[in-house]
Number of protein chains: 2
Amino acid sequence: MPRTDPGSSLLLTDLYQLNMLQAYLDEGLTDTAVFEFFVRKLPPTRGFLVAAGLQQVVEFLEAAQFTQEELDWLAASGRFSPEMLESLAAFRFTGDVHAMPEGTAFFADEPILRVTAPLPEAQLVETRIINLLHFQTLIASKAARMVLAAPGKALIDFGLRRAHGAEAGLLAARASYLAGFDGTATTLAAPRFGLPIFGTMAHSFVQAHPTEEAAFTAFARARPDNVVLLIDTYDTEAGAEKVVALAPKLAQEGITVAGVRLDSGDLAAHARAVRPILDAGGLPDVKIFASGGLDETALQAFTESGAPIDGYGIGTALTTSQDAPGLDCAYKLQAYAGVPKRKRSEGKATWPGPKQVYRSYDAAGGMTADVITCDGDDQPGEPLLAPVMASGRRIGALPALADARAHAADQLARLPAPLATLAAEPAYPVQVSQALRALADQVDRESG
Amino acid sequence: MPRTDPGSSLLLTDLYQLNMLQAYLDEGLTDTAVFEFFVRKLPPTRGFLVAAGLQQVVEFLEAAQFTQEELDWLAASGRFSPEMLESLAAFRFTGDVHAMPEGTAFFADEPILRVTAPLPEAQLVETRIINLLHFQTLIASKAARMVLAAPGKALIDFGLRRAHGAEAGLLAARASYLAGFDGTATTLAAPRFGLPIFGTMAHSFVQAHPTEEAAFTAFARARPDNVVLLIDTYDTEAGAEKVVALAPKLAQEGITVAGVRLDSGDLAAHARAVRPILDAGGLPDVKIFASGGLDETALQAFTESGAPIDGYGIGTALTTSQDAPGLDCAYKLQAYAGVPKRKRSEGKATWPGPKQVYRSYDAAGGMTADVITCDGDDQPGEPLLAPVMASGRRIGALPALADARAHAADQLARLPAPLATLAAEPAYPVQVSQALRALADQVDRESG
């Protein structure tokens, strides 16, 4: 029996959300609230981020309701009033959502999503909204760096096994594809998201056979459409020689060897040794794929040294965003009942009110600067946040994943030159408008 | 409608597993294989790891089968033979599993799980076994460091929002509790795992009210059983003064303030300022909780300086294992059809054959050394791997989570003194037995 997805449960939330809801309902504090999701500060190794996860947020908000089983558990917990339980039974998200399209490059303090809804609704969905937007944005941003570091190379997500659980593996496949990867090894990503999937063989496959030749032959016959052979189980160059010896025999069966994979040792050195072996053996079209502990720094080094590698499988560094596995992000109250609000906690102060981000471009279409301002304070440039849900339902269709991927590629092409390398500096210029500064001062004066 | 859990799908696997299965079935390579899961190398900031995730692995293996929908998708993909599809339709895990109990401390190269099953079965389940064991072990190991760094303090998991997806949030709650945390803010962890759950209020709650007093009063009335008030939204010490002023009024309603929470600024300094305010205000029993970007290094500093903090909420650092978000782990073929196997790839060589780990203790019960040897080669000390599944079903009940938690606490108490601090050195002594070295030499000679 397939189990229920914890990600579809409204109990996948911090208990304090439910505690606050009880108080809000007791007090009748159900007026309209505005919350925004933004990243306070970029990790030191990120010059930009790539927005991702909106599709899953919209699906979550549209489907969000408590099951009878969950309501029974809440009642049995004895924590909540009968009125509260009634209200939870009727819970549906009825608010509006504005957001940057998936694939948009963005920077610190820029809201990428705004929720406008009755306070209890906007509060209850906080945890899962952050959970979804944070993770996919984290992975798309990491993947974008790998795309920039390996131009023209095939990039495949190999990271399911060390992703943090099932949903992380699945959504990392989606987020990395959105950012420009070519596909994933995660099978379920094909039926779930329509992603291209790729798979070769494990060392155990080679080891389970008496010889490498036997393993390669068996694999080629079983998967003749995409014969990629793992040649490093015992000795990489000897493995390449075996491929050369085997290829003509397979050709007689109508099977073409498509590639070899290297997964250990000095990958660039092995690629430089293997390429001439393949070429001299009449296999110039056989591609070399590399995997094993790679990150964008390694990819960039291969690119700079011109290592003869045609594609990469990337695992842990991608799906855990290893150098920066978390973003300093928040979903904060910006207004309640039409009154702008601002948090002033040390080091965590926020800009008040619903906001918009305007982006300017140079004549060649390159990004030049952003301005964060109050929603409604028109500025030159392109407004980045657009309505995506009204009264709890999506407004038209969201972009298809292929279109979001094309948008991300367009964004990477428009980045200022230094940020299109792996440099995180100089920081992209983001200005806070006069109108927004004035509003912040006013809020400070009034809440004294 | 609740959705299906991706974690219960057998398509949540690397495509290469299915590709290899096709070849194994074509060749009739369905003899018994032995695979073991182990960590090759500890992260530089870990002196030990804590085994976790076995419960979920056993549940996965017992329930594993393809749904009709998944079989239809596999057939429509055109990748696999009719015989393969028939075999997948009949797939059940029928193998044996040996493992270290959850909560056991372990070290590099020590198998914590062994699967003995027909090769295609043992291969197909690889990805999800790694995905489950890696993540919970990662989090339990990180959590254990926090437990060691903050003796006698309450530790609560606050990390769902920045965990990597739904399952990561939920399983991090479980793994951190197993390692000694007191509970979690993740509501769903209570019905799913029986964990104690805790929740206070967000800054937005304070901001949605005209004053902090109004917010505190409303919260106390709504959740009178556990009144913990967040006092840093505007000014922490002023917030504490407001609690002092409010407490007698709440007392008249029969409501006791249990604690205050600090979430920004210099937490130790604020705690030192707040404690005398509360004490002078007649509230010596009100606890001080701290949260906000904490990790074990911060906890240790608070402990060493004697900061008057009674408990901590830990978020991102815990649920992403921020300093080491991945472990260099593997699930490797150790034997096929009774013949020991060994991978010799550079930097990734493995010890062959099914193995056992023996642990020795000093007179006081402290751990002194481990020996890794061939299964069946009896050594002095306690064998750490025990049978947990036979022929695809669990052997008796697995330990309850509370018992696994007690076992983890016992393990932490038995660690060598240097490892019971946050030091990762000196490395715990793990020896490889003569028998295992001899077997490795023999395998090398025979596979020459």
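**Stop one: a helix in chain B**

Start by selecting α6(B), which is mostly covered: 24 of its 24 residues are buried. Keep in mind that you're looking at a predicted model.

Now try a quick check on that helix, residues 126-149 of chain B. At 1.5 Å a residue, its 24 residues should span 34 Å, and the end C-alpha atoms are 35 Å apart, so the two agree.

**Stop two: where chain B touches chain A**

Next, show both chains. The contact takes 86 residues from chain B and 86 residues from chain A. Which elements of chain B give two or more residues to the side that touches chain A? Colour these: α1 (15-27), α5 (119-124), α6, α7 (166-178), α9 (203-207), α10 (212-222) and β12 (328-336) of chain B. By type, the side of chain B that touches chain A splits into 37 nonpolar, 31 polar and 18 charged residues.

**Stop three: the two domains of chain A**

Where they meet, domain 1 of chain A puts in 14 residues and domain 2 of chain A puts in 17.

On the domain 1 side, select α6 (126-149) and α15 (401-414) of chain A, the elements that give two or more residues to this contact. α15(A) gives the most, with five residues. Finally, colour that side of domain 1 of chain A by type: you'll get nine nonpolar, three polar and two charged residues.

Key: Residues numbered from 1 in each chain as written. Chains lettered and ligands numbered in written order. Predicted model: local features only at pLDDT ≥ 70, side-chain atom pairs only at ≥ 80, totals over all residues. Helix = DSSP H or I, 4+ residues; strand = E, 2+ residues; numbered from the N terminus. Expected span 1.5 Å × (residues − 1). Buried ≥ 20, exposed ≤ 12 C-beta atoms within 10 Å, placed from the backbone. Contact = placed C-beta atoms within 7 Å. Nonpolar A, V, L, I, M, F, W, Y, C, P; charged D, E, K, R; others polar.
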